[in-house]
Amino acid sequence: MFRMWGKLIKNNRMTDDTTVCIGDYRLSRTQMVFQALEEICYCFDLGKPIWLDANVRDFQLHAKTRFGQDNFIEHIEFDFMEIQVIEE
């Protein structure tokens, strides 16, 4: 089971979090990541963030990345959203 944890952080405190589970192994890992991110953003009522080169690099190295105001088109009410793969 593929699981991803999404967190909203403001003033160094977690204000909201959710976990998404995907069991469809016909999907590639990249497709699972994008599907999980889409479900996390839906849960938080956010638009999908833009992946910058730093996000891709962090995710490849640590299976974890942060999306700040630079990654979103609309204004966000938190400091950043962090996603992390917790089980593959």
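## Strand pairing

In this predicted model, F67 stands opposite M81, a residue of strand β4. The two strands concerned, β3 (residues 64-67) and β4, run antiparallel to each other and are joined over four bridges. Strand β4 (residues 80-87) also pairs with strand β1 (residues 2-10), again in the antiparallel sense, and here the pairing extends over seven bridges.

## T18 and its surroundings

Strand β2 covers residues 13-22 and includes T18. With a relative accessible area of 15%, T18 falls under the 20% limit and is therefore classed as buried. When its neighbours within four places in sequence are left aside, the contacts of T18 are M4, W5, G6, I40, C43 and F44.

## Aromatic pairs

A pair of aromatic rings is described by the distance of the centres and the angle of the planes. The count of such pairs in the model comes to four. For F34 and W51, the ring centres lie 5.8 Å apart and the planes stand at 80°, so this pair is edge-to-face. Because F34 belongs to helix α1 while W51 sits in the loop between α1 and α2, the pair ties together parts that are 17 residues apart in sequence. Both residues are partly exposed, F34 at 44% relative accessibility and W51 with a relative accessible area of 24%.

F72 and F78 also form an edge-to-face pair, with 6.1 Å from centre to centre and 90° between the planes. Here F72 is buried, at a relative accessible area of 5%, and F78 is likewise counted as buried, at 11%.

## The largest pocket

The largest pocket has a volume of about 150 Å³, and its lining is made up of R29, T30, V33, F34, W51, V56, F59 and Q60. Two elements, α1 (29-44) and α2 (53-62), each give two or more residues to this lining, and α1 gives the most, with four residues. By residue class, the lining divides into five nonpolar, two polar and one charged.

Key:
Residues numbered from 1 in each chain as written. Predicted model: local features only at pLDDT ≥ 70, side-chain atom pairs only at ≥ 80, totals over all residues. Heavy atoms only, no water. Pairing = 2+ DSSP bridges. 1 Å grid on protein atoms, 1.4 Å probe; cavity = no way out; pocket = protein on both sides within 12 Å on 5 of 7 lines; lining within 4 Å. Points joined across faces, edges and corners; volume = space filled by probe spheres on them. Nonpolar A, V, L, I, M, F, W, Y, C, P; charged D, E, K, R; others polar. Buried < 20%, exposed > 50% of the residue type's maximum accessible area, 1.4 Å probe, protein only. Contact = heavy atoms within 4.5 Å. Phe/Tyr/Trp six-rings, centres within 6.5 Å; stacked < 30°, edge-to-face > 60°.
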